[in-house]
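Please open the structure in the viewer and keep the sequence at hand. The stops below proceed by selection.

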Amino acid sequence: MIYKPREDSRLLAKQVRKHAFGLVLDIGTGSAIQALEAAKKKNIKKVIAVDIQKEVIEHCKKNINNKKISFLESDLFSKINKKFNTIIFNPPYLPEDLRLKDLTLDGGKKGYEVIERFLNDVNNYLKPNGIILTVFSSLTKKDKIDGFIEKNLLKYKELDKKHIFFEDLYVYQIKKSELLKKLEKKIKDINYFTKGHRGILFTGNYKNKKIVVKAKLPESKAVGRIQNEIKYLRILNKKNIGPRLLFYNKDFLVYEFVEGSFIVDYIKDNDKNKIIKVLKNVFNQLYIIDKLMVDKEEMHHPLKHVIIGKKITLLDAKKSKISGISKTAKAVLIDFERCHKTKKPKNVTQFGDFISSRYVSSILKNKKIKINKKRMIELAKT
Ligand SMILES: C[S@@+](CC[C@H](N)C(=O)[O-])C[C@H]1O[C@@H](n2cnc3c(N)ncnc32)[C@H](O)[C@@H]1O
């Protein structure tokens, strides 16, 4: 089915006329209204227009003869391998109506799935100073779209808004954030990973290694957390504690991704010997942090703060004074943003409390491990 231009098409075309430049990609071209509008501009030499529907592409190829435009069948970027100055997308954005399977309108179950997929991928196809021009309806949920934009390190400007019948239409210009542009100079394949209370995390590829980027959440009021984490990672990395810090600046830090499982999952999935080795290893690291008179905090509930890595190199094991390391698993403590100097560090005791808590001790009991907290704490020092 070919989408007959409507109010959304016209609103978007108006902004294409004003803002489009350079090499252009028109996704979901339909009647090709946006591609044709872009091709009229002198500063545009080439437009690639794609649509998921074969019927649309066949129709356009047959009926539109414009030397600047080439048509291609593609599900979003699946057949695209270039970067563009302008990417235009008037997406299908209505919640799926099961009675009516119409690709021109169905944006997925909730209406925003296609736009979400588009925003998750678009960075790889947009030049550093490129722009995205898109339109969507209030029926698609504006806050969802704004969230997808933020989590992909993009930023937007509302270029137009129009109320029609029972919905509002929004036209957005979306660009790469300054942070993304900085990161992309060094890191490839940047993808949203997770969001904490204070920071937002991304994974990426740096020199063929998987890495984590941690940046401050724009809305977080916490001051200096990133700087604090950098300061303590630098100190603790020297003792082979924490994920290896690779580089940083005032807005973000980048460290090696730790492949592995969270501590409780590890305990559930492994045998007594391995668990004891790992627990001893964690205690050892915490003892070293205690001796530095630093409190990491949160060790009484470190469910997501200790990752048991899949492997450790012999070199790491030798460099480290930490005992209890096996060649198959090493505990890596993460999240040092709340670290601070103290006269009475509590890392070891907090972790002791954690493993003797009812929840963890019952899992350990299933593995035939009985916890003697005092003995554990003693062992940490050896
Ligand atoms: C709302 S229409 C917009 C048509 C035209 N660009 C306009 O502005 O009037 C959405 C278009 O996106 C296409 N489409 C839907 N899902 C797509 C996808 N995953 N990849 C590429 N095109 C898609 C549909 O076939 C349809 O032609």
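Select Leu139, Phe165 and Phe166: together they form a nonpolar surface patch with about 400 Å² of accessible area. Such a patch is made of residues with over 30% relative accessible area and no salt bridge, with nonpolar side chains (Val, Leu, Ile, Met, Phe, Trp, Tyr) joined within 5 Å; a salt bridge is a side-chain nitrogen of Lys or Arg within 4 Å of a carboxyl oxygen of Asp or Glu. Areas follow the Shrake-Rupley method with a 1.4 Å probe, and for residues only the protein chains shown count as cover.

The model is predicted: local features need pLDDT of at least 70, side-chain atom pairs count only at pLDDT 80 or more, and totals for chains, interfaces and linings use all residues. Residues are numbered from 1 along each chain as its sequence is written, and side-chain values use heavy atoms, without hydrogens and water.

Keep Phe165 selected. This residue sits in the loop between strand E6 (154–164) and strand E7 (167–176); strands are DSSP runs of at least two residues, numbered from the N terminus. Phe165 is exposed, at 76% relative accessible area (exposed means over 50%, buried under 20%, partly exposed in between).

Next, select the ligand. Among the 19 residues around the ligand, Ser9, Gly28, Asp51, Gln53 and Asp75 come nearest; a residue counts if one of its heavy atoms lies within 4 Å. A ligand nitrogen is 2.7 Å from a polar backbone atom of Gly28, and a ligand nitrogen is 2.8 Å from a polar backbone atom of Leu76. The protein covers 99% of the 590 Å² of accessible area that the ligand has on its own.

Finally, select Tyr192 in strand E8 (residues 188–195). Tyr192 is partly exposed, at 28% relative accessible area.

Key. Patch = residues over 30% accessible without salt bridge, like charges linked within 9 Å, V, L, I, M, F, W, Y side chains within 5 Å. Helix = DSSP H or I, 4+ residues; strand = E, 2+ residues; numbered from the N terminus. Buried < 20%, exposed > 50% of the residue type's maximum accessible area, 1.4 Å probe, protein only. Polar contact = N/O pair within 3.5 Å; in protein donor to acceptor, adjacent residues only side chain to side chain.
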